[in-house]
Amino acid sequence: MQNEKILLFIPVYNCEKQIVRVLEQLGPAEMAFISKVIVVNNQSTDGTEEAVLSFMRAHASLPITLLRNRENYGLGGSHKVAFSYAIEHGYDYVIVLHGDDQGSLSDFIPVLGKGYYRKHDCILGARFMRGSKLEGYSRFRTFGNIVYNLLFAMVTRKRIYDLGSGLNMYSVSMLRSKFYEKFPDNLMFNYLMILAAQYYGHDIKFYPISWREDDQVSNVKMASQAVRVLGMLKDYYRDPAVIEGEYRQSPVEAYEAYPV
């Protein structure tokens, strides 16, 4: 489809060691489909920002813009910044690729090349389905993810292969209503997006991806998060309309970011 605009959104927080490797994924095969790249820096305290700027200077031909969140909004808040950017600037689709170099953008080339994404509201990268590849991911965490996938599948009555990987693609038409504005600004944002797909009737499709862990630093506090997710899932099971309510501990009036 000609004149189709695809935005690549890369959220970063203290990814100084990994972000250049992520940006180096932007080869000719990938950029053949991407109109614009935004790196959204969530108030990093290390050298992430300078690493991005240095890469941009060395690769001036790449359409990359670095944005800095006005406050530390969390990963979910950075998604809200990027989704608003896509809506306001007339993009048709948004690809999310985390800046910690765990996922590979090239995994989505078949999705893009065959126009697979046009048939669905969102394509969600799945680390735990047939065809996926995991490197350096512990068996304990794999087991835990599979259990939670099954719990969400029971509640949503859909096959769930991943609650939130770092490689996803969304249709901007699905995002335009901003149904996600009251979702958590933390790592649980993607979990609510899964429930929202069932509640609002979004057509989601999972796609196997590769995933690796080597020098990344996880921000997930597994035990406390697991308990909160179970409570959230229980509330939704009792009354799905709860998803329209406020999930943020500290609501933000406007999620703002500015070019660096």
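Predicted model: local features only at pLDDT ≥ 70, side-chain atom pairs only at ≥ 80, totals over all residues.
Reader: Happy to dig in! Why is His79 called buried?

Author: The limit for buried is under 20% relative accessible area. His79 has 1% relative accessibility, so His79 counts as buried. This residue is found in helix H4, which covers residues 74-88.

Reader: What makes Phe9 and Val96 contacts of His79?

Author: Contact means heavy atoms within 4.5 Å. Leaving aside residues up to four places away in sequence, His79 touches Phe9, Val96, His98, Phe189 and Asn190.

Reader: Good, now the charges. Why is the pair of Arg21 and Asp101 called a salt bridge?

Author: A salt bridge needs a side-chain nitrogen of Lys or Arg within 4 Å of a carboxyl oxygen of Asp or Glu. For Arg21 and Asp101, the closest N and O atoms are 2.6 Å apart, so the pair meets the definition. Arg21 sits in helix H1 (residues 19-23) and Asp101 in the loop between strand E4 (93-97) and helix H5 (109-113), so this pair ties together parts that are 80 residues apart in sequence.

Reader: Are the two partners buried or partly exposed?

Author: One of each! Buried means under 20%, exposed over 50%, and partly exposed in between. Arg21, at 30% relative accessibility, therefore counts as partly exposed, while Asp101, at 3%, counts as buried. Arg21 and Asp101 are also linked with Arg212 in a network of salt bridges.

Reader: How do you know that Asp162 and Arg127 form a salt bridge?

Author: The test is the 4 Å cut-off again, and here the N to O distance is 2.7 Å. The pair links distant parts of the chain, 35 residues apart: Asp162 is in the loop between helix H6 (139-156) and E7, and Arg127 in the loop between E5 and strand E6 (133-135). Asp162 is called buried because its relative accessible area is 2%. Arg127 has 8% relative accessibility, so Arg127 counts as buried too.

Reader: What makes Arg141 and Glu213 a salt bridge?

Author: Their side chains meet at 3.1 Å, N to O, and the limit is 4 Å. Arg141 lies in helix H6 and Glu213 in the loop between strand E9 (210-212) and helix H9 (222-238), so the pair ties together parts that are 72 residues apart in sequence. Glu213 has 25% relative accessibility, so Glu213 counts as partly exposed. In total, the structure holds 10 salt bridges.

Reader: How many residues in the lining of the largest cavity are nonpolar, polar or charged?

Author: The lining of the largest cavity has 10 nonpolar, six polar and one charged residues.

Reader: And which residues are the closest to the centre of the second largest pocket?

Author: That pocket has a volume of about 170 Å³. Of its 13 lining residues, the closest to the centre are Val81, Ser84, Tyr85, Glu88 and Tyr255. H4 supplies the largest share of this lining, five residues. By class, the lining of the second largest pocket has six nonpolar, two polar and five charged residues.

Note on methods
Residues numbered from 1 in each chain as written. Heavy atoms only, no water. Nonpolar A, V, L, I, M, F, W, Y, C, P; charged D, E, K, R; others polar. Helix = DSSP H or I, 4+ residues; strand = E, 2+ residues; numbered from the N terminus. Buried < 20%, exposed > 50% of the residue type's maximum accessible area, 1.4 Å probe, protein only. 1 Å grid on protein atoms, 1.4 Å probe; cavity = no way out; pocket = protein on both sides within 12 Å on 5 of 7 lines; lining within 4 Å. Points joined across faces, edges and corners; volume = space filled by probe spheres on them.
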